[in-house]
Amino acid sequence: MTLARNPLLPGCYPDPTICRVGEDFYLACSTFEYFPGLPVFHSRDLVSWEQIGHVVDRPGQLDLDGIASSGGLYAPTLRHHDGVFWLVCTLVDQQDDARGGNFLMTATDPAGPWSDPVWLDADGIDPSIFIDDDGRVWVHGTRRAREPAWHDQTEVWVRELDPAAKELVGPEHVVWNGALRDAVWAEGPHLYKVDGTYYLLAAEGGTEFHHAVSVARADRVTGPYVGNKGNPILTHRHLGHGADVVGVGHADLVQAADGSWWVVLLGMRPYGGYHYNLGRETFLAPVVWEDGWPVIAPGVGRVPAQVDVPFAGPVRPGVAQRCASGVVRPGDLRWTSLRRSAAEFASARGDGWDLTMRPTTLSEPGTPAFLGVRQQHQDVDVRATVRTAPAAGDDVGLTVRQSEADHVRLFVTGADGGTGRRVVAVHRRAGVETVVGELSLPGGAQERVTLTVCARGQDYSLFAGVAGDDPSPVAVVDGRTLDSVATGGFLGLWIGVYATSNGRPTTTVAQVEVFEYVPAES
Ligand code: 6LW
């Protein structure tokens, strides 16, 4: 027996999409304003996953400049046909509807390089792609209903794609509005063909507590689709807010080479009250077919904590995403910057980075000198040792980030006027900043300083000290102010390093000697 532990991908890996090529599975997720975007994972057994690259990973491929937090890259769909990987996705700019839209990228190697985007003549979000047995290609997606019968009613549309021209052609068919009356946000649609019948799997209820998965089927790809009387076929909303996993939805089906069926989907794990700081994570569940309908987690009816994957061999140690602990070195695919490549401001030095300080701050929708990783564990210590001689107003430090408006900063800065240095902790909450702790630092300007974020449940304890000395406590921040339940948006937390001159011209280079991510034993 080989058990997959849920979540498959802990931390902010929402809106999973999966496809299989022979014995190999590939999976991608949303990444919003982070760069590189759309991570691609590989597995041979659905149990252990290894990131192999990103779809959006080079300057000039896709413009994320100025995209506000929780905008950017929404809900991709990944498919494979005749040696080519197809990915459709949406670039969302919540401040400018005219920017972005739905696009198609292709690759022959899922690790990349991926093509530049081909923009599709389709509005809305959550595009998906289905290649029929006859080779015809059908794109589908969701948008607000043209004539809504209720608030937040959406409609799923289907339209053919000319695969050579990569253009939508022919009539558009509106095929679905959700299974239940007043069903909001019928989204994340995916079409499949099983034993000659077309199936539409879609989320509804919104990507929060009421999230659910529904399914419909039709004799023709363009419908009409008839909903399963058992809809929704999966939801956790009936488990209440105290459930260990909530908000399950946005599912994608896949059949393994041995004929078994599986689904990946997103869910959230609240802790310290109804707060999910790790964001929407990727989960796995088994599927069987009964009377021509998929049944998710038969006999259980919810996302299980562990999933037996009979066809999987022994889990290859060291590959699973969850084992990532210790020094996070340059080149680790977990590193992300904001909106543009970190190559603009960061260069690897040993186990760490040289960050060329920028005037841009974390509080604006730009590209500050920031590099971070997802918070993937409830209890974790993140430590960074920095070496800098900051002038007053030059900040180098650690941040726990939800968005420009909501984050915590623990940083070393030059003391006003003098040659000393101090450590300051700031909590930015809905755009309002509060200094929550300060510490004067002894020693000369070039001393090495170790900054630590110690997350235990919803207590984020901040420490600082000259490297090698016992760290001193600086502040404790309540994590319940940082998750998307408290702040809105679609993201889980990132923890990373940053350097800023707070709007002033600068040539300062801050050295991050080492960055460690160490989950606490639980
Ligand atoms: C995505 C939608 C959703 O486009 O949240 O999970 C949006 N549901 O399908 C952003 O992740």
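Predicted model: local features only at pLDDT ≥ 70, side-chain atom pairs only at ≥ 80, totals over all residues.
The protein is assigned two domains, with domain 1 running over residues 2–316 and domain 2 over 324–519.

**Where the two domains meet**

- Taken over C-alpha atoms, the centres of domain 1 and domain 2 sit 33 Å apart.
- On the domain 1 side, 36 residues make contact, and they touch 34 residues of domain 2.
- Together the two domains bury about 3000 Å² between them, and 56% of that area is on carbon and sulfur atoms.

**What holds hands across the interface**

- The rule picks out two salt bridges across the interface of domain 1 and domain 2.
- There are also 20 residue pairs in polar contact across this interface, with both residues at pLDDT 80 or more.
- Two elements, β4 (34–35) and β6 (50–56), each give two or more residues to the side of domain 1 that touches domain 2.
- Of these, β6 supplies the largest share of that side, with four residues.
- Sorted by type, the residues on the domain 1 side that touches domain 2 come out as 18 nonpolar, 14 polar and four charged.

**The D65–R340 salt bridge**

- D65 and R340 pair up through their side chains, with N and O 2.5 Å apart.
- These partners come from distant parts of the chain, 275 residues apart: D65 is in the loop between β6 and β7 (72–81), while R340 is in the loop between β26 (337–338) and β27 (346–349).
- D65 is partly exposed, at 31% relative accessibility, and R340 is partly exposed too, at 33%.

**The D24–R44 salt bridge**

- D24 and R44 form another salt bridge, their closest N and O atoms being 3.1 Å apart.
- This pair also links distant parts of the chain, 20 residues apart, with D24 in strand β3 (residues 24–28) and R44 in the loop between β5 (37–43) and β6.
- So is D24 buried or exposed? D24 counts as buried because its relative accessible area is 18%, and the cut-off for buried is under 20%.
- R44, on the other hand, is partly exposed, with a relative accessible area of 43%.

- R448 forms a salt bridge with E513, and their closest N and O atoms are 2.8 Å apart.
- R448 is partly exposed, at a relative accessible area of 31%.

**A look at T2**

- T2 lies in the segment before β1 (3–5).
- What does the side chain of T2 reach? The T2 side chain reaches the backbone oxygen of A312, at 3.2 Å.
- T2 is buried, with a relative accessible area of 11%.

Note on methods:
Residues numbered from 1 in each chain as written. Heavy atoms only, no water. Domains from an automatic or database assignment. Contact = heavy atoms within 4.5 Å. Buried area = accessible area lost by both parts, 1.4 Å probe. Salt bridge = Lys/Arg side-chain N within 4 Å of Asp/Glu carboxyl O. Polar contact = N/O pair within 3.5 Å; in protein donor to acceptor, adjacent residues only side chain to side chain. Nonpolar A, V, L, I, M, F, W, Y, C, P; charged D, E, K, R; others polar. Buried < 20%, exposed > 50% of the residue type's maximum accessible area, 1.4 Å probe, protein only.
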